[in-house]
Amino acid sequence: MLKMLFDPRFFGPRFVVRLGKSIEKSGLLRAAVAGLVAISSVVSANAQAAPTAESTAPAAQSFALTDLNELTVTDGKAEIVEYQGRKAVCLTTQSSEEVFAFLKGAEIQDGTIEADIAIKITMPPGVRMPGFVGIAFRARTDSSHYEMFYLRPRNSGSEDQAMRNHSVQYVAAPGFDWYKLRREWPWIYESYADLHPEQWTKVKIDVHGRTAKLFVNGSENPSLVVNGLRGEDLQGSIALWGYSGEEAYFSNLKIIPAKEEAVTNGGEASGTWDVQFASDYGSFKGSMNLHREGNAVSGTWSGAFGQDLPINGTWRNGLVELSFGGTWPGDKPVPMTAALAGWIDGDSAKGRMKVEGRADGQWSAQRKK
């Protein structure tokens, strides 16, 4: 920098001569050098103290799943076995319907879980539906709360299209098992994927905020996308999961944490909300005036489908499930029932909405100030 100050190419010879005389008279040179030394010391100290981007990035965790010391098993048995040419963990259970094997020291809020999964169904054909194998995330280690994607490879080859659509599924405990989600929101929490029993399937679960995606066999496109995860916790453990009457195999699991999205639970439902419903039939607008007492929500809907229609529903830590009756518009208006489910985050909300037998899609809302 000092060399630059005295270089005529930058400021011209007359300027340099005048600057040199001024510096000689005022002692500015000594002050400038001292200042530069001080700045250099501060910069150096900050460079040592400030962590690099690499050091602040969450560390990935790899689990070969060839050592039972990596796992805590509940309600079943885990063994290290040789399966389809590799060592793997095998989960079985006879004492209950399902078995969990929690990975020690592994938690996730946002990030990616990758693993290889296989299943051998030992239950005789026709005794029950084809087998289940999956990975739970954001789980409590007593298995009371968790979210999970699971695979049903034998369904994938069914001649019944409905069964084929049950190849990959999402559930959340407590309160949102397959039966409730399928009956209340058909085809939203399950889908088809090309799977094969007794073969390794590469699985990737991508979780960010309130959205999770399931990818299989290296596809760039997800087989199942869940917007508005139903789990009660935003962070938790990871577990391998199997079911009775089968052998569930796992290997090469990797956890890659990501920067956590700024979502929090506990969003307040009370207030007046401007709502937009983007359905497969068309767009509709309305306004909800909601009141919450504990876990109970009441209020009114006005707009498309009618005015001052009574709303009833529930609230759980920011997750709302609401319904109201009204009239479907048209030349011959007919009675209808609408249902909404979704999360409240601050003064915004969004989720899934349907009008029974008429329309289905996503809703979003903004709280009026």
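## A glutamine and its strands

The side chain of Gln169 makes a polar contact with that of Arg152 at 3.1 Å, where a polar contact is a pair of N or O atoms within 3.5 Å, of which, within protein, one must be able to donate a hydrogen and the other to accept it, and residues adjacent in sequence count only if both atoms are side-chain atoms. This is a predicted model, in which local features need pLDDT of at least 70 and side-chain atom pairs count only at pLDDT 80 or more, while totals for chains, interfaces and linings use all residues. Residues are numbered from 1 along each chain as its sequence is written, and side-chain values use heavy atoms, with hydrogens and water left out.

| Side-chain pair | Polar contact |
|---|---|
| Gln169 and Arg152 | 3.1 Å |
| Gln169 and Glu190 | 3.4 Å |

Gln169 is buried, with a relative accessible area of 2%, buried being under 20% (1.4 Å probe, protein chains only). Gln169 belongs to strand S9, strands being DSSP runs of E with at least two residues, numbered from the N terminus. Glu190 in S10 stands opposite Gln169, and S9 (residues 168-173) runs antiparallel to S10, joined by two bridges; two strands pair if DSSP finds at least two bridges between them.

These strands belong to an open sheet of seven strands with antiparallel pairing, in the order S2-S5-S14-S7-S8-S9-S10, whose edge strands, S2 (71-74) and S10 (190-191), each pair on one side only.

Elsewhere, strand S16 (residues 271-279) is joined by eight bridges to the antiparallel strand S17 (residues 283-293), with Gln276 opposite Lys285.

Definitions and conventions: Helices (H or I, at least four residues) and strands (E, at least two) are DSSP runs, numbered from the N terminus. Buried means under 20% relative accessible area, exposed over 50%, partly exposed in between (1.4 Å probe, protein chains only).
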